[in-house]
Amino acid sequence: MPKHLVMPLAIFAAIFSACGSSNDCDADLCGLCPADQSGVKICSFVANPPTDESVTLKNYNAATAALSGWSLWDSDALSNGTGQKTLGASDSVEGGQTLTVGGLPFNIGDSDETITLKNSSGAVAHQRSN
Ligand SMILES: [Ca+2]
Ligand SMILES: [Ca+2]
């Protein structure tokens, strides 16, 4: 192999073997690539059993994040534009910590589901699928 191809291929392989499209890079880091480890992201979600459905958020920043007005959407809610879980004034997550949100108004599908986290401005902060 030409030498000038070795480094790009090695980097490519490292990125895709470590992070790819899967959610299981490193459970402690919520499976996110280092470049994505900032702000508040979806760490994981529980799709089954139905009674335990929840979404766990992780704050990668050092400062506490106030989550008032942030919202969680499943695929149906996102396409319908309604049916989301909106977080309130009491919802916040300390720097480096996680927050598990239950009592969801939607059902998390056991497969082919995408959970979307929007910030208080309504912009998509993160999405995660199973
Ligand atoms: Ca489910
Ligand atoms: Ca659903």
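Reader: How many bridges join strand β8 to β9, and do they run parallel or antiparallel?

Author: Strands of a sheet pair through backbone hydrogen bonds, either parallel or antiparallel. In this predicted model, five bridges join β8 (residues 114–118) to β9, and the two run antiparallel. Strands are DSSP runs (E, at least two residues), numbered from the N terminus. Two strands pair if DSSP finds at least two bridges between them. One bridge to look at: Leu-117 has His-126 in β9 as its partner.

Reader: What is the order of the strands in the open sheet of four?

Author: The order is β5-β4-β8-β9, with antiparallel pairing. At the edges are β5 (85–86) and β9 (124–129), each pairing on one side only.

Reader: Which strand does β1 join?

Author: Strand β1 (residues 40–46) is joined to β2 (residues 54–59) by six bridges, running antiparallel. Val-46 stands opposite Ser-54 in β2. Four bridges then join β2 to β7 (residues 98–101), again antiparallel. There, Leu-57 has Leu-99 in β7 as its bridge partner.

Reader: Is β1 mostly covered or uncovered?

Author: A residue is buried if 20 or more other C-beta atoms, placed from the backbone, lie within 10 Å of its own. In β1, six of the seven residues are buried, so the strand is mostly covered.

Reader: What does the protein average in pLDDT?

Author: pLDDT is the predictor's confidence in each residue, from 0 to 100. The protein averages 86, and 78% of the residues score at least 70. Over residues 11–24, pLDDT stays under 50.

Reader: How are residues and chains labelled?

Author: Residues count from 1 along each chain as its sequence is written, chains are lettered from A and ligands numbered from 1 in written order. Local features need pLDDT of at least 70, side-chain atom pairs count only at 80 or more, and totals for chains, interfaces and linings use all residues.

Technical notes
A residue is buried if 20 or more other C-beta atoms lie within 10 Å of its own, exposed if 12 or fewer, and partly exposed in between; C-beta atoms are placed from the backbone. Two residues are in contact if their C-beta atoms, placed from the backbone, lie within 7 Å.
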